[in-house]
Structure formats: structure tokens, C-alpha cells
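Open the model in your viewer and keep the selection panel at hand. The tour goes stop by stop.

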Amino acid sequence: LFRSVGFAAMAGLRVFHVGGNQLSGTLPAAYGAWGSLSAFGVGSNRLTGSLPPEYDAWAQLQLFVASVNQISGTLPREYGRWSRIAAFDVMSNKLSGSIPAAYALWRNIS
């Protein structure tokens with residue numbers, strides 16, 4: 001999924017939404033460099049692999065949607081650092097384990 005170094009280096013990117021396509025592959029850890037990101041949507045694709053813990057750097061993130069894919073592994077405890085998160089949707093994947101205790105720090109979830 002968009003592995004070019006130039007694309008990952010777009011530090012000023014605020015919204016990334018590519019849901020409802022036939023995108024495949026894994027989520028690049030390099031996207032963690034998108035420090036200004038407030039919304040991330042990759043739902044309804046064919047993504048595999050795990051959720052990169054590097055995304056914890058998204059301090060401005062309010063919306064995270066990665067539902068209806070084939071993402072596996074566990075939920076990264078590092079995401080508990082997202083202090084502005086208001087919506088988090090990872091339904092219909094192949095995730096395992098439990099919800100990390102750090103997610104209890106999310107105060108804006110609706």
C-alpha cells in the first residue's frame with residue numbers, strides 16, 4: 001500500500017482516506033511519520049498483516065478506521081497514547097487477544 005518513500009514522507013498530511021477499494025498488502029510503518037494526521041481510513045479493502053505500533057506518533061488523530069480487511073495480530077498497546085481519538089473502528093478483521101488497558105485512557109471516544 002503506497003510504499004514509496006516520498007509518499008510516506010508527507011509529514012503535513014492531515015487526512016488519509018482510501019476506503020472501499022481493492023487495496024492489498026500491509027500497512028507501512030513509515031506512515032507513522034505523518035505527525036499532523038487527524039483522520040486515517042483504510043476500511044473495506046484487502047489489507048493484511050498487523051497494525052503498526054509506529055502509528056502511536058499520530059498525536060492529532062481523531063478518527064481511525066481499518067474495518068473490513070484481513071488485518072491480524074493484536075491491537076497495539078501504543079495506541080493508548082492517542083489522546084484525541086474520538087472514533088476507532090477495526091471490526092471484521094482477524095485480530096486476536098484483548099483490548100489493551102491503555103485504551104481506557106481514551107476520553108473522547110463516542
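Buried means under 20% relative accessible area, exposed over 50%, and partly exposed in between, with a 1.4 Å probe and protein chains only. This is a predicted model, where local features need pLDDT of at least 70, side-chain atom pairs count only at pLDDT 80 or more, and totals for chains, interfaces and linings use all residues. Residues are numbered from 1 along each chain as its sequence is written, and side-chain values use heavy atoms, with hydrogens and water left out.

**Stop 1: Tyr79**

Select Tyr79. Is Tyr79 buried or exposed? Its relative accessible area is 0%, so Tyr79 is buried. Tyr79 sits in the loop between β6 and β7 (87–89). Strands are DSSP runs of E, at least two residues long, numbered from the N terminus. Now show the contacts of Tyr79 (heavy atoms within 4.5 Å). Leaving out residues up to four places away in sequence, Tyr79 touches Leu51, Pro52, Pro53, Tyr55, Asp56, Phe64, Phe88, Tyr103 and Trp106.

**Stop 2: the salt bridges**

Stay with Asp56, one of the residues that Tyr79 touches. Side chains of opposite charge can pair when their charged atoms come close. A salt bridge here is a side-chain nitrogen of Lys or Arg within 4 Å of a carboxyl oxygen of Asp or Glu. How many does a search of the whole structure find? It finds two.

Asp56 pairs with Arg81, with the closest N and O atoms 2.2 Å apart. This pair links distant parts of the chain: Asp56 is in the loop between β4 (46–47) and β5, Arg81 in the loop between β6 and β7, 25 residues apart. Arg81 is exposed, at 56% relative accessibility.

Next, select Arg77 and Glu78. Their side chains form a salt bridge at 3.5 Å, N to O. Arg77 is exposed, at 59%.

**Stop 3: Arg107**

Move to Arg107, in the segment after β8 (94–95). Arg107 is exposed, with a relative accessible area of 64%. Its side chain reaches the backbone oxygen of Ala104 at 3.0 Å. That is a polar contact: a pair of N or O atoms within 3.5 Å, where within protein one must be able to donate a hydrogen and the other to accept it, and residues adjacent in sequence count only if both atoms are side-chain atoms. Check the C-alpha distance from Arg107 to Ala86: 7.9 Å, at 21 residues apart along the chain.

**Stop 4: Asn69**

Finish at Asn69, in the loop between β5 (63–65) and β6 (72–73). Asn69 counts as buried, at 8% relative accessibility. A polar atom of its side chain lies 3.1 Å from the backbone oxygen of Val42.

Conventions: Helices (H or I, at least four residues) and strands (E, at least two) are DSSP runs, numbered from the N terminus.
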